[in-house]
Amino acid sequence: MSSSEAAAEQVGAGRVIHLSELLRSPLLARSGEAVGRVEDAIVRLRGADDYPLLTGIVAGVGGRRVFIGSPSITEYLAERVVLAKNKVDLRGFERRDGEVLLRADVLGHRLIDVAAMELVRAYDVELEATDGGWVLARLDTRRPARLFGLIRSLGGHAARDWKAFEPLIGHTRSNAWRRQSGRFGGFKPADIADLLEEADKAEGGEILDRVRSDPELEADVFEELDPDKASRLLDDMPDDEVAALLGRMRADDAADAIADLRQSRRRRVLELMPAPQRTKVITLMGFNPESAGGLMNVDFVSCAAGATAGTALALIRAARSVQPEALIKMHVLDENNRLAGVVSVIDLLQAEPGESVGGLMELDPVRVSADADLTDIALLMADYNLYAVPVVDGQDRMLGVVTVDDVLEATIPEDWRRREPAPRPVREIADDDRNAPWGGGML
């Protein structure tokens with residue numbers, strides 16, 4: 001039987017140790033002599049379906065930081081760690097790919113609570129013995145309280161499953177391992193944007209690094225970001241990356257982002273953008289941002305009155321790059337690109353495929369000029385129960401579409417956007433945790 005198997009048999013599956021109990025505990029040789037103290041615990045990430053495996057500890061021995069692997073340890077206990085031998089290999093500790101230092105990387109740091117989509121801080125870690133070895137099983141995210149001079153978690157350890165969190169660990173060599181979870185691809189762009197707005201610089205860099213692996217998701221996230229936050233992030237990116245990102249965004253959002261760039265950068269970024277997107281952005285930048293022209297999306301679907309319902313639906317089906325809200329109605333244009341009417345997708349779906357669009361369309365639809373202000377647009381939408389309003393020039397030629405989400409985004413007060421979520425039903429007794437068992441100064 002190997003030493004690790006013997007340790008598992010001795011400890012027994014289901015045994016739990018809190019990291020706060022393990023840290024600073026004495027490191028004992030097999031003879032019982034104290035040879036050092038535990039400074040950190042190391043786990044190896046193993047993908048989304050497996051709990052990280054405890055591979056060893058970092059110990060302070062004779063003024064040096066050394067690695068001691070689990071096969072060389074016979075007992076992990078709250079009050080001591082016992083070695084299988086009387087001697088310690090004094091080679092210095094070097095982190096390997098996929099390794100996480102629990103004290104340095106997790107304790108006192110924030111992670112993403114996947115269910116609540118918010119950043120929470122880890123105040124303790126639970127290690128649990130299994131038949132395959134010790135694993136990182138749970139996190140305690142409740143702030144400890146000071147009672148009679150001692151630090152205690154409120155109501156004991158209220159630990160939650162490790163898999164309920166997405167870790168943010170600022171260590172480049174473990175990035176590939178963390179990406180194995182694939183969770184970011186399932187997060188809503190608006191939720192990721194909220195996380196970025198709450199995150200500090202290091203956390204934000206980690207989140208952005210994960211998002212950039214999916215260019216389309218990155219574009220969607222930047223469309224949802226607060227303009228000031230987006231501007232600060234773009235300031236830290238090189239011109240070519242900014243141009244590529246804006247080239248994937250909706251033209252109206254890209255135009256807003258360009259306008260927020262330093263004037264010295266705007267021309268350089270525009271010149272690097274794909275030509276079709278650059279043309280749309282320059283067009284939109286010519287309008288007042290709070291007018292219909294500044295709010296509109298220049299991508300929309302249109303057809304002639306002589307087209308059939310089947311043809312119109314095929315055009316809508318093929319318009320995968322157009323904002324979904326702009327596809328609610330088909331815009332019918334005459335030979336001079338003037339707006340002749342609109343027909344709803346519902347009417348097209350309920351009509352026979354060969355039926356003429358001209359016979360289905362609404363004549364003289366509600367429309368606005370490019371200089372219409374936000375209040376007028378909002379009132380029109382409310383009065384006529386519209387999800388989208390076409391924007392036309394002085395000759396009634398179609399310029400774009402203002403959608404209801406654009407109007408809501410422009411009209412919702414800023415303090416509504418920044419409302420804090422309802423607090424969790426946990427009473428915190430004290431905020432001062434500088435004397436916490438993990439050493440303080442980290443939180």
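The side chains of Arg110 and Glu203 form a salt bridge, with N and O 2.7 Å apart. Arg110 belongs to strand 9 and Glu203 to helix 6, so this pair ties together parts that are 93 residues apart in sequence. The model is a predicted one. Arg110 has a relative accessible area of 15%, and Glu203 has one of 10%. Buried means under 20%, so Arg110 counts as buried, and so does Glu203.

Asp113 is joined to Arg160 by a salt bridge, and their closest N and O atoms lie 2.8 Å apart. Here, too, distant parts of the chain are linked: Asp113 sits in strand 9 and Arg160 in strand 15 (residues 159-161), 47 residues apart. Asp113 is buried, at a relative accessible area of 1%, whereas Arg160 is partly exposed, at 27%.

Another bridge involves helix 8. The side chains of Asp235 and Arg262 meet at an N to O distance of 3.5 Å. Asp235 lies in helix 8, and Arg262 lies in the loop between helix 10 (251-260) and helix 11 (263-272), so the pair connects parts that are 27 residues apart in sequence. Both side chains belong to partly exposed residues: the relative accessible area is 33% for Asp235 and 43% for Arg262.

Salt bridges also occur as a network. Arg250, Asp252, Asp253, Asp405 and Asp406 are linked in this way. Across the whole structure, the search finds 23 salt bridges.

Helix 5 spans residues 189-198, and its buried residues are Ile192, Ala193, Leu195 and Leu196. Viewed down the helix axis, these buried residues fall within an arc of 160 degrees, so they line one face of helix 5. An α-helix has 3.6 residues a turn, so residues three or four places apart point the same way.

Conventions. Residues numbered from 1 in each chain as written. Predicted model: local features only at pLDDT ≥ 70, side-chain atom pairs only at ≥ 80, totals over all residues. Heavy atoms only, no water. Buried < 20%, exposed > 50% of the residue type's maximum accessible area, 1.4 Å probe, protein only. Helix = DSSP H or I, 4+ residues; strand = E, 2+ residues; numbered from the N terminus. Arc of directions from axis to C-beta. Salt bridge = Lys/Arg side-chain N within 4 Å of Asp/Glu carboxyl O.
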